[in-house]
2 protein chains.
Amino acid sequence: MRRRYDVRWRLTGVATRRAGWVADSDGLSPIALLNGHWPMVHPTSPVPQSVSEWLEKSRADVFFETSSLDPHSGQPAIDHIKAALNHGAHVVSANKGPVVHAYDILSSLARERDKKFLCESTVMDGVPIFAMFPSGLPATELRGFSGVLNSTTNVVFTEVEKGMSFEDAIKRAQALGIAETDPSYDLDGWDSAVKVVALTIILMGIPVKLDQVQRTGIREISAEKIRSVRAAGMRYKLVCRAARRGAGVDCTVRPELLLAGDPLANLEGTSSAIHFDLDVFGLSMVEHNPGIDATAYGLLADFIRAVRPA
Amino acid sequence: MRRRYDVRWRLTGVATRRAGWVADSDGLSPIALLNGHWPMVHPTSPVPQSVSEWLEKSRADVFFETSSLDPHSGQPAIDHIKAALNHGAHVVSANKGPVVHAYDILSSLARERDKKFLCESTVMDGVPIFAMFPSGLPATELRGFSGVLNSTTNVVFTEVEKGMSFEDAIKRAQALGIAETDPSYDLDGWDSAVKVVALTIILMGIPVKLDQVQRTGIREISAEKIRSVRAAGMRYKLVCRAARRGAGVDCTVRPELLLAGDPLANLEGTSSAIHFDLDVFGLSMVEHNPGIDATAYGLLADFIRAVRPA
């Protein structure tokens, strides 16, 4: 970081739901923390109530929001981010909730404070979806997009195709560390719906609400059906779609039966893909077999963009 | 352009091999020129000899280099670009020759003059390959890449698969406006080799030379062979590859037999694709069915990036 980007950093605070919080503006040792040596741990309960106190003590310049997703309210992450921006820190978020429920408010607050609010990790990890628009594709119109953006259902379909039961396939996704805290968020399409909304708000500039997404999960499809269509050269995928309709947008999440030649059909495991329907050309991006470190990479990339603007 | 980017522009000069050159710093009418009404045409021969005179008369702030490719020398485009940068104009190039033969020199000259030298259109039209690195993917290592980047051979393979002769398939690519001026540049893999070199120099920072690319064209494959493998569920594509080897790089261009499920195998017509082998994840980008206007779009996107830096 110092050699390539002339960026010097230190870790000055960590707050978790389970282990309480620590802060030291002189710097904490990441290795010691990872090994469970937390100096001066404050109790869990004051976070997020005392998130401002924690930010003050840590004197944070950049705040990473990685709490677990509440798709229905976006809380408490929204309050964390407001506190961090008001404190004067850049915010890097891997949490989709604040994007879906408060993107305009948080972006405006960030602009007022001359800070960045970045969230590349929320969709396809560190793949530069949000970093690519608009500077990479100026003067284009995004008419809509489609994608397979949920790894859990992707793994579940693949494992069921191979003969596993639904329950075991879900356990496999959880063991891979890719399932949301509550797996129903994946299986019922909430994670995908939240991603469609985040993409639509940020890339298309349309303030769509989560309850406007027509959402169908994958629970109604039997394992037998999944295996029989696979034998016939087709595959189920949980497909997200958004398409402009006048000044508004139609957003859907539903299992779709895809032909084997469809680029979205060939995704395995944690791979995901998105297709952008631009006025100049169609553009697809595929992320191949990312691990959990790919999400961490997205946070790092946003960190560099925040402190080293192009 | 004015409303979205606060950019006001006028066309102040055009120079072509066939129609001579015009320049007027007060502005020329693009419509009139497109209809063949060229005021005060100077003879063809003084370009590029008098490219400096033409730049002075046009008082160009931005210069677009779109002359045809000479893969072996990169000329006369290199001289055009040097003259434009020395004149004080940003340079936007759709010509791969200067990138392959003079990227370091031209980039250094651009930096010295505090101008941009941009070339997004040289590979996959306006798809933001060069605009995405490094800001979109900071702190990554690009280990290598593979791609199907030549439309002419793609169209030829597809049409031959459908039963057309090689000769007619080449004529079809020429009618689509996608073949290089000399179709042997496509068929013998020069266009692909030049793209591999451009990508390797710009994205991997390795100053590879064109003659270091192991290059095999598509002429040795018979139409019967192309049709028989297609019937067996496989397809030929002219595949480009680069892979780091120590401090150097191995670059190849050759026809490869791909399984139908391979993402590169499903490309039709003018579509192209590239796969980046990054240390954090694999990332593929696919451009679907671009027309000739997609190349023009790439020039426009670079123009906006040059005059409106992010």
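How many strands form the open sheet, and in what order do they come? Select both chains and follow the strands across: there are 12, running β7(A)-β9(A)-β8(A)-β6(A)-β10(A)-β11(A)-β11(B)-β10(B)-β6(B)-β8(B)-β9(B)-β7(B), with mixed pairing. Strands here are DSSP runs of E with at least two residues, helices are runs of H or I with at least four, and both are numbered from the N terminus. Two strands pair if DSSP finds at least two bridges between them.

Before going on, some housekeeping. This is a predicted model, where local features need pLDDT of at least 70 and side-chain atom pairs count only at pLDDT 80 or more, while totals for chains, interfaces and linings use all residues. Residues are numbered from 1 along each chain as its sequence is written, chains are lettered from A in the order in which they are written, and side-chain values use heavy atoms, with hydrogens and water left out.

**Stop 1**

Go to the edges and pick β7 (214-215) in chain A and β7 (214-215) in chain B. Each has a single partner strand, so one side of each has no neighbour in the sheet.

Now colour β8 (residues 234-245) and β9 (residues 248-259) of chain A: they run antiparallel and are joined by 12 bridges. Click Arg244(A) and you'll find its bridge partner, Val249(A), in β9(A). Next, show helix α8 (residues 151-161) of chain A, which packs on the sheet and touches β6 (142-148) and β8 of chain A. Contact means heavy atoms within 4.5 Å. The direction of α8 makes about 155 degrees with that of β8(A); such angles run from 0 to 180 degrees between N-to-C directions, with axes fitted to C-alpha atoms, for helices over the stretch in contact.

**Stop 2: the two copies**

Zoom out. A 180 degrees rotation with 0.0 Å of shift along its axis puts chain B on chain A, with an RMSD of 0.0 Å. The two copies are therefore related as by a two-fold rotation axis. To find the axis, select Met285(B): of chain B's residues, its C-alpha comes closest, at 2.3 Å. The copies meet through the same surface, because 100% of chain B's interface residues are also interface residues in chain A.

**Stop 3: rings**

Over all chains there are 12 aromatic pairs. Rings of Phe, Tyr and Trp (its six-membered ring) pair if their centres lie within 6.5 Å; planes under 30 degrees apart are stacked, over 60 edge-to-face, and the rest tilted. Phe64(A) is in strand β3 (residues 62-65) and Phe303(A) in helix α13 (residues 292-307), 239 residues apart. Is each one buried or exposed? Phe64(A) is partly exposed at 37% relative accessibility, whereas Phe303(A) is buried at 11%. Buried means under 20% relative accessible area, exposed over 50%, and partly exposed in between (1.4 Å probe, protein chains only).

Then select Trp190(A): Arg215(A) lies over its face, 3.8 Å from the ring centre. Chain B has Arg215(B) over Trp190(B), with the charged end 3.8 Å from the centre. This counts when NZ of Lys or CZ of Arg is within 6 Å of the ring centre and within 35 degrees of the ring normal.

**Last stop: Arg254(B)**

Arg254(B) lies in strand β9 (residues 248-259) of chain B and is partly exposed at 37%. Leaving out residues up to four places away in sequence, Arg254(B) touches Thr216(B), Lys237(B), Leu238(B) and Val239(B).

Notes: Copies are superposed by least squares on the C-alpha atoms of residues with pLDDT of at least 70 in both.
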